[in-house]
Amino acid sequence: MKTTGLGLIGAGRMGNLHTNALANVEGAAISGVYDIKPDVAKAFGEKFGARVYASAEELAHSADIDGVLVCSPTPCHPEGVAAALHANKAIFCEKPLCRNKASAKKLLNAGEALGKPFAVGFVRRYMAKTHELKKRLEAGDIGTPRFCNIDLPLGMYKRMPGDWFADFDACGGVILDMLAHHIDLANWFFGKPVRVYAASLLLDAKQPEPADYAACVVTYENGLICNFMASWWRSGRTGEMMEISGDGGSLIMDGTDDLTYWQKGREKQSIHTQGENAHKAQMECFVNSIRGTTAPTATLRDGYNSLVTALAMIESAKTGKAMRL
Ligand SMILES: NC(=O)c1ccc[n+]([C@@H]2O[C@H](COP(=O)([O-])OP(=O)(O)OC[C@H]3O[C@@H](n4cnc5c(N)ncnc54)[C@H](O)[C@@H]3O)[C@@H](O)[C@H]2O)c1
């Protein structure tokens with residue numbers, strides 16, 4: 001089998017994580033890298049045996065590269081994606097898709113015209129527990145879902161001024177950076193969101209140190225109400241939980257591999273799930289989509305839909321008004 005060559009744009013935390021995950025995917029490897037910091041690219045190239053390119057365009061146009069991983073900071077995604085689009089290469093773009101709606105629309109139009117796979121990094125879609133939860137919702141295990149609570153506290157946020165993760169204009173705060181994942185899951189499970197109301201600190205620069213909090217309520221076309229809470233704080237709990245309740249029971253997915261299931265009138269049960277590492281599964285799916293044997297589980301359209309809802313949350317928090325989607 002011919003090795004599937006991948007090019008990496010942005011050799012930071014996620015770039016390294018995906019490269020390590022790819023080491024376990026047969027017949028695929030990062031063969032080229034571009035990072036805006038030449039020393040970072042050089043160190044990455046030496047560590048992983050990847051050729052260092054002088055620009056994203058040069059990397060994307062290389063004949064060795066079958067697909068491009070865009071892992072630069074969120075506001076830089078459009079330029080990385082544009083390079084891959086010009087070269088007509090398959091694309092994996094980290095979430096969130098980008099920082100604003102105008103860029104997202106351009107990416108959606110150009111990406112859907114590409115005729116090549118375009119995946120977005122919603123890694124939770126590649127977890128066995130997420131699939132089990134979706135299967136049980138579709139099988140009617142909790143009857144008609146009526147509400148959902150999403151709880152995503154991070155009590156050990158350490159970012160300081162100067163870090164792009166502490167700059168609201170760059171990262172979009174806890175809404176765009178963290179809730180993007182769970183907004184995507186909620187869209188996948190519940191369908192179209194229609195109304196959004198949110199309050200958030202939006203990384204308020206008047207605080208002594210960068211920190212964020214968001215409380216958002218989204219109503220879906222089918223009437224389901226979803227309550228999203230996320231924080232980047234310097235004390236308190238860290239964890240994640242998604243609780244979905246319906247006429248016939250409740251299902252909870254937390255940070256473990258086990259789901260908790262309460263069927264109405266019965267004792268609670270623990271449902272164990274086991275799958276391969278989700279980051280590996282995500283890379284394997286992207287590589288197989290380049291080979292034409294599968295399609296990405298989280299697509300460009302999913303990335304766009306999550307972004308639009310997250311941006312509506314931000315707009316609602318800024319204006320104090322409920323937003324219609
Ligand atoms: N899927 C997830 O669970 C998850 C988790 C964390 C971060 N992310 C997302 O992944 C992306 C990258 O995050 P990270 O934590 O790896 O960031 P990072 O800061 O660790 O790494 C970013 C790298 O990109 C480089 N870079 C900056 N501008 C560039 C440009 N214009 N072109 C090429 N390289 C550039 C930087 O030098 C750095 O090496 C972000 O969009 C972030 O929101 C996703």
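Predicted model: local features only at pLDDT ≥ 70, side-chain atom pairs only at ≥ 80, totals over all residues.
Local features need pLDDT of at least 70 and side-chain atom pairs count only at pLDDT 80 or more, while totals for chains, interfaces and linings use all residues. Residues are numbered from 1 along each chain as its sequence is written, and side-chain values use heavy atoms, with hydrogens and water left out.

**Domains**

**Extent of the interface**
- Contact (heavy atoms within 4.5 Å) links 20 residues of domain 1 with 24 residues of domain 2.
- The two domains bury about 2100 Å² between them, with 61% of it on carbon and sulfur atoms; buried area is the accessible area (1.4 Å probe) that two parts lose on being put together, summed over both.

- Two salt bridges (a side-chain nitrogen of Lys or Arg within 4 Å of a carboxyl oxygen of Asp or Glu) are counted between domain 1 and domain 2.
- R124 and E240 form a salt bridge, with their closest N and O atoms 2.8 Å apart.

**Domain 1 side**
- Helix 5 (101-112) and helix 9 (278-291) each contribute at least two residues to the side of domain 1 that touches domain 2; helices are DSSP runs (H or I, at least four residues), numbered from the N terminus.
- Helix 9 gives the most to this side, with three residues.
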